[in-house]
Amino acid sequence: MKLENVVPWGRNLEEYQKMFRLSKEDLQLKILGCGDGPSSFNFEVTKLNGNITSIDPIYQFTKDEIQIRIDETSSVVSEQLKQNQNDFVWKSIKNVDELIDIRLKAMNNFIMDYENGKKETRYIHQELPKLSFGNDSFDLVLSSHFLFLYSEHFDLQFHIDSILEMCRVSKKEVRIFPLLDLKNQKSEYLAQILEILENKGFETKIIKTDYEFQKGANELLSIKVHNKYEETNNLP
Ligand SMILES: C[S@@+](CC[C@H](N)C(=O)[O-])C[C@H]1O[C@@H](n2cnc3c(N)ncnc32)[C@H](O)[C@@H]1O
């Protein structure tokens, strides 16, 4: 990953809670966020005394490098959003200016927390599809706005490997949001991935969320992995 290709863009805890339907109890679990980037999810969960680790390739960069990219790119992103306003649902967020304020606030909180969080190994430079953690290291493993969304950039095999890796390090559940790609279409990989997971004996469920900002993106994929060591009868 090259710094000049990074466009930092991060959501906050309220958005994560809505898109993943996170309950208060969920926030007490040991959580891994895959591709949390410059979101304030880790910062805000830590403030609530939660146990959270985030991995992302942008964590190879320094605080100053990420801050500079935020400053360089936020006006470009704002312009693009203004041109593509019809792709989004302006309900809980009223307009582009409010959206930019929310995102910049989340990213400021991330920047403030970043160096300390790196020391505390809450922000770790790692990349899907391979994670360094042992089997069952976390209760809940999340992916927000990375898998499925970038179906054009990452192929089916990358998605399969990444999702199975997330299942390996989780002892309870994996949740992924959204299920749409950047063209607001259901990811072309979803059906095949559901089949693979079901053949492995995992319990998959597509669940409606109250969160819809990208038009039509109002579903999450939940994968329950608690029975992953049981023999499956679904042999080919
Ligand atoms: C659109 S941002 C989403 C950030 C955050 N999850 C959110 O919802 O606000 C996508 C993130 O995926 C990260 N990413 C890119 N390649 C990745 C990989 N191979 N493994 C994990 N994360 C990756 C990017 O660096 C970026 O931070």
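1. An N or O atom in the side chain of D56 is 2.6 Å from an oxygen atom of the ligand, which counts as a polar contact (a pair of N or O atoms within 3.5 Å). The model is a predicted one, in which local features need pLDDT of at least 70 and side-chain atom pairs count only at pLDDT 80 or more, while totals for chains, interfaces and linings use all residues. Residues are numbered from 1 along each chain as its sequence is written, and side-chain values use heavy atoms, with hydrogens and water left out.

2. Two further contacts with the ligand deserve a look in the structure above. A polar side-chain atom of S144 lies 2.4 Å from an oxygen atom of the ligand, and a backbone N or O atom of G35 is found 2.7 Å from a ligand nitrogen atom. Of the 590 Å² of accessible area that the ligand has on its own, the protein covers 90% (areas come from the Shrake-Rupley method with a 1.4 Å probe).

3. The ligand is surrounded by 19 residues, and R11, G35, D56, L128 and S144 are the closest; a residue is counted here if one of its heavy atoms lies within 4 Å of the molecule. By class, this shell holds 9 nonpolar, 6 polar and 4 charged residues, where Ala, Val, Leu, Ile, Met, Phe, Trp, Tyr, Cys and Pro count as nonpolar, Asp, Glu, Lys and Arg as charged, and the others, Gly among them, as polar.

4. Where does the ligand sit? The space that the ligand takes is the largest pocket, by the rule that more than half of its atoms lie within 2 Å of the grid points. A pocket is an open set of points on a 1 Å grid over the protein atoms alone, where a 1.4 Å probe fits, with protein on both sides within 12 Å along at least five of seven lines, and its lining residues have an atom within 4 Å of a point.

5. The largest pocket holds about 1400 Å³ of space, a volume being the space filled by probe spheres set on the grid points. Its lining has 44 residues, of which V7, W9, H145, L149 and Y150 lie nearest the centre. Helix 3 (63–83) and helix 4 (96–119) are the elements that give two or more residues to this lining (helices are DSSP runs of H or I with at least four residues, and strands are runs of E with at least two, numbered from the N terminus). The lining of the largest pocket divides into 26 nonpolar, 12 polar and 6 charged residues.

6. The second largest pocket has a volume of about 310 Å³ and is lined by 14 residues, with K18, K91, S92, I93 and Y211 nearest its centre. Helix 1 (13–20) supplies the largest share of this lining, 3 residues, and the lining as a whole has 5 nonpolar, 2 polar and 7 charged residues.

7. Most residues other than glycine have a negative phi, and most peptide bonds are trans. L128 and P129, however, are joined by a cis peptide bond with omega about 20°, and P129 is in the loop between strand 3 (123–124) and strand 4 (138–144). Another cis peptide bond joins F177 and P178, with omega about -5°. R21, in the loop between helix 1 and strand 1 (30–34), has a positive phi near 50°.

Conventions. A polar contact is a pair of N or O atoms within 3.5 Å; within protein, one must be able to donate a hydrogen and the other to accept it, and residues adjacent in sequence count only if both atoms are side-chain atoms.
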